[in-house]
Amino acid sequence: MIYEADYYGVQAKELHERERKIKAERGKILDRNGSLLAGNRSVSTISVIHSQIEEPEKIIAVLSKELDMDQETIRRKVEKVSSREKVKSNVDKETSDRIRNCKLAGVTVDEDYKREYQYDSLASKVLGFTGSDNQGIIGLEVAYEKYLKGTDGSILTMTTAHGTEIENGAEDRIEPIAGWTLNTSLDLTVMEYADQVANTLMKKKNAKSVDIIVMNPQNGEIYAMAGAPEFNLNDPYTLPGDSGSMSEKEKNAALNAMWRNGCVSDTYEPGSTFKILTTAMALEKGVVKMSDHFSCPGYKMVEDRRIRCHKTTGHGSETFLEGIMNSCNPVFIEVGARVGVRSFFEELTKFYALKRTGIDVPGEAVTIMHKEENVGAVELATMSFGQSFQLSPIRLITCAASIINGGKSITPHFGVSVVNADGTAMKKFKYPGGDTVVSRETSDLVREALGKVVSEGTGKNAGVEGFTVGAKTGTSQKLPRGNGKYIASTIGFAPVENPQVIALVRIDEPEGLYYGGTVAAPGISTLFTNILPYLTEAQQ
């Protein structure tokens, strides 16, 4: 024993010490103006230590009453021989104080924190939530877990060899370190307007879902991302409607579907909104000028396929600029053919359209595209007006933003910086960007053309009095073709001269009228009518 004194000393210390964790407070999540989006409230964890219990029946009676639990459940925990048995966590402070004041031997009340979201369902799929252990599950909560979680502290209590705490025994206390606060690009005012528009459109069109993204096209900062229907962050495991008859597997699938962020994790055929990219690549390759003339009889024959225009009687003779304003498929089929397969894929690569954006939330979907070697004339024709492939809403709006912002690549993101509990800046996040996607000249031409789409073309419903708005509408039929299900969408930006905001509205399976210019463009107009004056004032 003398020879192994150090070893046995450690063993004795471990035998006579009991460690209790002191939970660290999780870092807050704030919007760009410092408004609290996710915080914490003080709660407690109630536990029993079998070796210290003196009045088991009294403990069972008190805990059953205060914790609203049946006595048999508590009895099993009280009688279980273990060093510490958790009875209930997330107990409110008032209840835990009453239990503490009862001074029940063998009952411990440990301070803890419960995540609290200030606005229930606002941006639920972006913010995400935490589990019972206060660890991030989805969204920003999991993406920034290492900054938010903090470091738990501990209390080391001296005990007898039987595990009973020694009265008046010395305690070693290690204080917890709170998690860092995450400052985001989200803007509470813009978020509330986007959420309002999304819910209004969903109810009005009885749609399956509505997604809205609002972003700064110059640097990729996301002001809002709404995905109706949202869910309650303070009650994330409750499904809407009656889920009582569901199996556990069905319930888990339903929860994952409810939590899924369609703006990031879903892909779809973009339809005519993709013509922004086709226009840019054609101008970059020098195969078309805005003044070039085309003819639209209402359809275009590609090999043995008759591909129609949305205006079945045709647009007749029109310039390329008018073809953009009219969203004319035959014009874009011809322009796509001029670009050619190889150049089409070269430009897609330059736009980063085939890659994930690298957005700072998990679950981003990748673009589903034809293999270049399998693309024939028909495939190229349908690709040119945004069909026969799929990409995510965040990928599409990011490509569009980099085309209209002067031609520079950006990375969409929420995280701006983290600061510690006393406000000291710990890290400012940096994101890839600045690569040339298109020339300044091409960017200017595309912006001007999309401004004409609103002032004179198919995007008139996206206009806002007092502001210059550019937009492109889109309508795509969901697979299988002929099922009567559509996705209506519109991408809009403002001001046309120097875009400071870009937004995408996507409506999945609207009932009745389903054209993007009819049902999605008014959503852009309503959104911009509310946020443009606010953002303009904020920038001054």
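Me: Is Gln 71 buried, partly exposed or exposed in this predicted model?
Reply: Gln 71 is found in helix 3, which covers residues 71-79. The relative accessible area of Gln 71 is 41%. Buried would need a value under 20% and exposed one over 50%, with partly exposed in between, so Gln 71 is partly exposed.

Me: Which residues is Gln 71 in contact with, once its neighbours within four places in sequence are left aside?
Reply: Contact here requires heavy atoms within 4.5 Å. With the neighbours within four places in sequence set aside, the contacts of Gln 71 are Ile 60, Ala 61 and Ser 64.

Me: Is Gly 423 buried, partly exposed or exposed?
Reply: Gly 423 is found in the loop that lies between strand 15 (415-419) and strand 16 (425-428). Its relative accessibility is 47%, and because values between 20% and 50% fall in the middle class, Gly 423 counts as partly exposed.

Me: What separates Gly 423 and Arg 173 in space, C-alpha to C-alpha?
Reply: Along the sequence, Gly 423 and Arg 173 are 250 residues apart. In space, taken from C-alpha to C-alpha, the separation of Gly 423 and Arg 173 is 25 Å.

Me: Which helices do the buried residues of helix 14 pack against?
Reply: Helix 14 spans residues 341-350, and its buried residues are Ser 343, Phe 344, Phe 345, Glu 347 and Leu 348. These buried residues pack against helix 11 (275-284), helix 13 (329-339) and helix 15 (377-384).

Definitions and conventions: Residues are numbered from 1 along each chain as its sequence is written. This is a predicted model: local features need pLDDT of at least 70, side-chain atom pairs count only at pLDDT 80 or more; totals for chains, interfaces and linings use all residues. Side-chain values use heavy atoms; hydrogens and water are left out. Buried means under 20% relative accessible area, exposed over 50%, partly exposed in between (1.4 Å probe, protein chains only). Helices (H or I, at least four residues) and strands (E, at least two) are DSSP runs, numbered from the N terminus.
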